[in-house]
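This briefing covers pockets, a cavity and helix packing for the structure shown below. Please read it with the sequence and the coordinates open side by side.

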Amino acid sequence: MRHKGPSQIQFWFIALAVGIAAGFAALLFRKGIGWLQSTLYGVDDPRMLHSFAEGLPWFLILVLPIIGGLIVGLILHWFTPDGRVRSVAEVIEGAALADGRVEQKAGIASALASLTTLSSGGSSGREGPVVHLAAVISSRVSDWIRADGITGRDLLGCAVAAAVSASFNAPIAGALFALEVVLRHFAVHAFAPIVIASVAGTVINRLEFGDVTEFHLGTDSALAFYVELPAFLILGLVAGAVAALLMRAIFWADDLGNLIQRLTGIPRWLRPALAGALLGMLAIGFPHIIGVGYETTSAALTGELVLHEAIVFALLKGIAVGVTIAGRMGGGVFSPSLMVGALTGLAFGIIATSLFPDVSGSATLYALAGMGAVAAAVLGAPISTTLIVFELTGDWQTGIAVMVSVSMSTAVASRMVDRSFFLTLLERRNIHLAAGPQAYLLAMFRVGKVMRGLDPDRDSEAEALLTLIEQGIYLDRHATLERALPVFERTGLDRIPVVTLAPGDAPPALEGALYHVDALKAYNRALAATAEEEHS
């Protein structure tokens, strides 16, 4: 198997094993957060941390995020090259550009950092670290069996599906999340093993927690009349704008943090501790921002909050998420987007039902639809997010309202960012995945791999290439076709000299030539292989 690759039957067993391993990793991560929160804050039920924290001494709420941030900073400083936490964006990048592999050492360090953050007052979600941790497991297996690109990507999808399923008790959504968000296609060959792994992750969750939903809704959660559906269309527009604002706020905070760090010379390992100090000061007055925020989300879904509480809590949660992620503390954005969405929907619902009480149902239904709408827009995953909302709440009767809001919010937000939070994050790093394979495949080919060497019997060719170099027309052998094709377009040449850049003022050394036809052939083969994989 290590020499020839797994057969289909072997692969299904491997997918099951990866699913079980990823499921246990997700379960241990979740249990670890609960145990550490109980130890640090002294709370019996971590789900009630917000209520419990209101009675704790203020200095404890302030100090714990600072200590946690310092530990996170040291972990990332020692074990990652850039001091950043790996999350879902890196998993998407690994699926597209690295044959389904992610960084393993940095991934484990990121999981430990995120575990520390979520246990000590950080305001983010657990799904991002869990997804990347599962990807580390699949990457290790792919390396062990020497999996090719298709097999590696399928195993990555299996691990992600199992991790999401085990985290949220959502087998259908876990499988579709892996296909829609990570692999970004729905190929038939990947569906069966991913479903097998997703079910394995769900079984692991239910063996520990039983067949229970994360949230419990109020008794009145049905549409009053179909005439109420336009209100959910408007809610979708509002939720899309809120999601875009949340994403942009995180990026603005990150840019501000980078600017402050550059101007002050703060070491990168201290940045999470400073972010922890800001979170601690905010949590003294508003402890609901601590952790993933499921208690506040549940309160919104059951209508236990009034209008001004829903608005203020949503604003403060958005600020806290921006501080946490921009402070390089780690964690994901899915759980925070659920909380912000539920609060947004509740505020909208309270206003809507007050203005039109005769044709309105419950405000909690708007909270449910808002939760799905904001989360779907942030993830750029309307299908899997809609199903996650249903599986988290167990309410399948309000599907029309949720789908209407989700469709509108996704359409609005995708025009304000590059389709999702994760793809926009990659775009900010000049990794162009949002536009599809036709955009990012060019970045996979180095000029040095596609070029032709010099022909010793054709001196005239070398002279012509040297003339182009003197005119400043050449390509570094380490450049990609993404940079090369625009040069062909601009110059109209059929070949461009390829050089090795020398240090200092030394002239570049001629290595060979990249022919336009060779570049197009490589690109065409890659497109054909991608299309074959996505439609097999």
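Axes are lines fitted to C-alpha atoms, for helices over the stretch in contact, and angles run from 0 to 180 degrees between N-to-C directions. On that basis the axes of helix 14 (residues 334-355) and helix 15 (residues 363-379) come within 6 Å and cross at roughly 140°. The model is predicted, with pLDDT of at least 70 needed for local features and 80 or more for side-chain atom pairs, while totals for chains, interfaces and linings use all residues. Residues are numbered from 1 along each chain as its sequence is written, and side-chain values use heavy atoms, with hydrogens and water left out.

**Helix 14 and helix 15**

- The angle makes helix 14 oblique to helix 15, given that angles under 35 degrees count as roughly parallel, over 145 as roughly antiparallel, 65 to 115 as roughly perpendicular and the rest as oblique.
- Helices here are DSSP runs of H or I with at least four residues, numbered from the N terminus.
- The crossing of helix 14 and helix 15 is right-handed, a term used if the near helix is turned clockwise from the far one by less than a right angle.
- With contact meaning heavy atoms within 4.5 Å, the residues of helix 14 that meet helix 15 include F334, L338, G341, G345 and F348, and those on the helix 15 side include Y366, G370, M371 and V374.
- By class, this contact of helix 14 with helix 15 has 15 nonpolar, six polar and no charged residues, where Ala, Val, Leu, Ile, Met, Phe, Trp, Tyr, Cys and Pro count as nonpolar, Asp, Glu, Lys and Arg as charged, and the others, Gly among them, as polar.

**Helix 8 and its partners**

- The axes of helix 7 and helix 8 come within 8 Å and cross at roughly 140°, and the two helices are therefore oblique to each other.
- Helix 7 passes helix 8 in a right-handed crossing.
- Among the residues in contact are R153, D154, V160 and V164 of helix 7, and P171, F177 and V182 of helix 8; the residues of this contact divide into ten nonpolar, three polar and two charged.
- The axes of helix 4 and helix 8 come within 9 Å and cross at roughly 75°, so helix 4 and helix 8 are roughly perpendicular to each other.
- V88, V91, I92 and A95 in helix 4 meet V181, V182 and L183 in helix 8, a contact with seven nonpolar, no polar and no charged residues.

**Pockets**

- On a 1 Å grid over the protein atoms alone, a pocket is an open set of points with protein on both sides within 12 Å along at least five of seven lines, a cavity is a set where a 1.4 Å probe fits but cannot get out, and lining residues have an atom within 4 Å of a point.
- Grid points are joined across faces, edges and corners, and a volume is the space filled by probe spheres set on the points.
- The largest pocket has a volume of about 570 Å³, and of the 28 residues that line it, the closest to its centre are R30, P46, R47, R126 and Y294.
- Helix 1 gives the most to this lining of the largest pocket, with five residues, and the lining divides into ten nonpolar, eleven polar and seven charged residues.
- The second largest pocket has a volume of about 490 Å³, and of its 25 lining residues A96, R153, Y440, T530 and E533 are the closest to its centre.
- Helix 23 contributes the largest share of the lining of the second largest pocket, five residues, and that lining comprises 15 nonpolar, four polar and six charged residues.

**Cavity**

- A search of the whole structure finds one cavity of 30 Å³ or more, and about 40 Å³ of space lies in the largest cavity.
- The largest cavity is lined by E127, V164, F168, F177, F334, L379 and I388, with six nonpolar, no polar and one charged residues by class.
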